[in-house]
Amino acid sequence: PWNGIIVDEFAEVNLGDEIELEATVGESNDRTNLNSVSNLNILSSTNELPLPEIISTADLASEEMYEGVLVKISNVTVTNEDLGYGEWEVDDSTGACVIDDYGTYTYIPVLDDFITSVTGVVEFSYGAYKLEPRDDLDFLFETLTYGDVDENGVIQAYDASITLQYSIGLDPLPVIDPLPWEDWRILTADVDGNGEVQAFDAALILQYSIGLITVFPVEERNFIAPESNVKVSVCNNELVFVAEGELFGFEVNTGGLDIEMPDTDLLICKNGNSIAIASATALNGEFLRIPFKGNGNSNVKLEMVINTEKVEKNINLLENNVQPINQFLGNFPNPFNPVTYFNISLIESSNVTIHIYNIKGENVHNYENNLDAGQHNIKWNADNKASGVYFYKVDMNGREYNGKVLLLK
């Protein structure tokens, strides 16, 4: 927002020109503009154009901060094909906005037409904000298959993987679509419809690929991401992340802290000091440990994306240090068929019990053993159990963890 302004005079410039000029800032019919231009110099040409701001139709219709700015609206439907004077109306379900015809595009609006995206500059005239597409290239008409990011006709875990990689700046498709992705591919990966490709989108695609969901949030509109909070502590030169609520997608950038690739069974990728994970089922409790090396600074700012919420957290590597404790590190795979493993880390010899219950509350499996300190993977074979949700209670010398698993046959 606030990064564009309309020049009210003709000048011989081309798209991609970098310019400097002197002008007077004025108001014309309540629109801010530049006029009385002088000393216009072209500094360089054929520069890459700035990316448009991705906004909703409601924001376009009401927010002055986008006046004169190059913006893009997505997944809109024509709600009025003729408002008069070349103007027409679209809506992405947040509230309608007006599109005008100052540009040279050839599209003729038809009531109920669906348009994948429209790009243009926001104008203000006759008391209303309007989008001014420049030409036909500002319109994208695609029949999208949400989640099929590699466009092979099937929504698979691989689509989740490349979405996760893209979320932290990796280049998963360097041959067919190098960074930045084409608009249509970004829309295909943005399955929650919030305008960004994040680890949470990868989690949703993963869920779809194994049948946990059958419709993506972007197709239903008015979606609210699950709430979650992530607490961070430090233990033995590891950043320890603990989830509260329902965590599916998580991204973290550790700034100048030198980190290593974590050992985890989750879908994960790393790009420099950034880590992203995605899970088909909700994570609760400790879900990630990131080893790090000292950077000469005890204070670190973590930039995180928790599902879809962006959060910054300052961590003191000394003050936040905690003593190691017995930890339940989750079970994998989940969903499973018919075997899953409960992963446990013990700092001392401990009595470990696992009780598993079906959805009726009936106890269907028990495990008890005294285990030595170290890492343990405890196997549960549910070959003789019916598909469905099961609940578990893990106890390690009085430290208890609860959760659920999904058996899919």
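Trainee: Why is Glu-312 called exposed?

Mentor: Its relative accessibility is 55%. Exposed means over 50% relative accessible area, buried under 20%, and partly exposed in between, with a 1.4 Å probe and protein chains only. So Glu-312 counts as exposed. The model is predicted: local features need pLDDT of at least 70, side-chain atom pairs count only at pLDDT 80 or more, and totals for chains, interfaces and linings use all residues. Residues are numbered from 1 along each chain as its sequence is written, and side-chain values use heavy atoms, without hydrogens and water.

Trainee: What makes Glu-312 and Lys-301 a salt bridge?

Mentor: Their closest N and O atoms are 3.9 Å apart. A salt bridge needs a side-chain nitrogen of Lys or Arg within 4 Å of a carboxyl oxygen of Asp or Glu. The pair therefore qualifies. Glu-312 lies in strand β17 (residues 309-316) and Lys-301 in strand β16 (residues 299-306), so parts 11 residues apart in sequence are tied together. Strands are DSSP runs of E, at least two residues; helices are runs of H or I, at least four; both are numbered from the N terminus.

Trainee: Why is Lys-301 called partly exposed?

Mentor: Its relative accessible area is 40%.

Trainee: Is Arg-185 buried or exposed, and how do you know?

Mentor: Buried, because its relative accessibility is 4%. Arg-185 is found in helix α3 (residues 183-189).

Trainee: What makes Arg-31 and Asp-8 a salt bridge?

Mentor: The N to O distance is 2.5 Å. That meets the definition, so the pair counts. Arg-31, Asp-8 and Glu-123 are linked in a network of salt bridges.
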